[in-house]
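Please walk through the fold of this protein, from its strands to one of its helices.

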Amino acid sequence: MAKAARRIREALRSIDVVVEVVDARVARSGRNPLLNDLAARRGRVIALTRQDLADPRITKDWLNYFTQQGLEAVALDGREARSATRVASVVARSRPRFGRLARAMIVGIPNSGKSSIVNALLRRAAAKTEARAGVTRQAQWFRLGPTAELMDTPGVLPPKIAGVQAQWKLAICGAVPRERYDPQEVAARFHEWLTARRPKTQVPDLEAFAQQRGFVRRGGLTDYHNAAQSYISAFDEGAFGRISLESPDDTEAA
């Protein structure tokens, strides 16, 4: 991560606008303070991805919040070209004088949707995407047309994620490599968090989910480990509905 951050810092010398991609479900924990510092002196836009998976009311609150902070912000589903053109319009407006191409950089934490936005803008699978952290390994330049080019960068997590709340939220959204967390603990913390806010929720806990999906070993024992991995995937695919894990007025620590 330190190497990726150093490369981003060096590349910023020739960048006109920085597009910070943030998963709308974790619009606070999903921002890396280091990236915020690196891009402080460049044109900025916050692209809230996965709006189709987030609570639309809370996404609207986040857009208002960022606007009040003096930042341009858009919400989009990075897989759709029509949605991603909102990012393209921001890049186009950043074109400097004297006819030079506008140069934009996409930054964000792992699995935030950066490469999906690139592919939607180019209308082809140019940048590799998978539903796990750490897929983009190095910076890649792409031409967005006659007036702009775009750099896709590796995801950069903070060296240490502050707070237990932020840790499980980032894990369930796919931003943390699978080997760095206990899936059973993440599933349990999510359901505890959800039931505290929605006592009548129909979202199952891990035990019920495992029984529903048939995660039962020989002898009737529940396969909690594999059930938990499937549970996390189900959340990340929207199987439990549109759920945002953070809002601007949260009182709990991120």
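This is a predicted model: local features need pLDDT of at least 70, side-chain atom pairs count only at pLDDT 80 or more; totals for chains, interfaces and linings use all residues.

The pairing of β4 gives part of the picture. Strand β1 (residues 17-23) is joined to β4 by five bridges, and the two run parallel. Strand β6 (residues 148-152) is also joined to β4 by five bridges, again in parallel. Met105 of β4 can be followed into both pairings: Val18 stands opposite Met105, and in β6 the bridge partner of Met105 is Met151.

Helix α8 (residues 206-213) shows another arrangement. Its residues Leu206, Phe209 and Ala210 are buried. Seen down the axis of α8, these buried residues fall within an arc of 100 degrees, so they line one face of the helix. The cover over the buried residues of α8 includes α7 (183-197) and α9 (224-236). After α8 comes Gly214, with a positive phi near 80 degrees.

These elements belong to a protein with nine helices and six strands. Of its 254 residues, 50% count as buried. Among contacts in the protein with a separation of 6 or more, 69% are between residues 24 or more positions apart. The protein exposes about 12900 Å², and carbon and sulfur atoms supply 47% of that area.

Note on methods
Residues are numbered from 1 along each chain as its sequence is written. Side-chain values use heavy atoms; hydrogens and water are left out. Buried means under 20% relative accessible area, exposed over 50%, partly exposed in between (1.4 Å probe, protein chains only). Helices (H or I, at least four residues) and strands (E, at least two) are DSSP runs, numbered from the N terminus. The arc is that of the directions from the helix axis to the C-beta atoms. Contact means heavy atoms within 4.5 Å. Two strands pair if DSSP finds at least two bridges between them. Accessible areas come from the Shrake-Rupley method with a 1.4 Å probe; for residues, only the protein chains shown count as cover.
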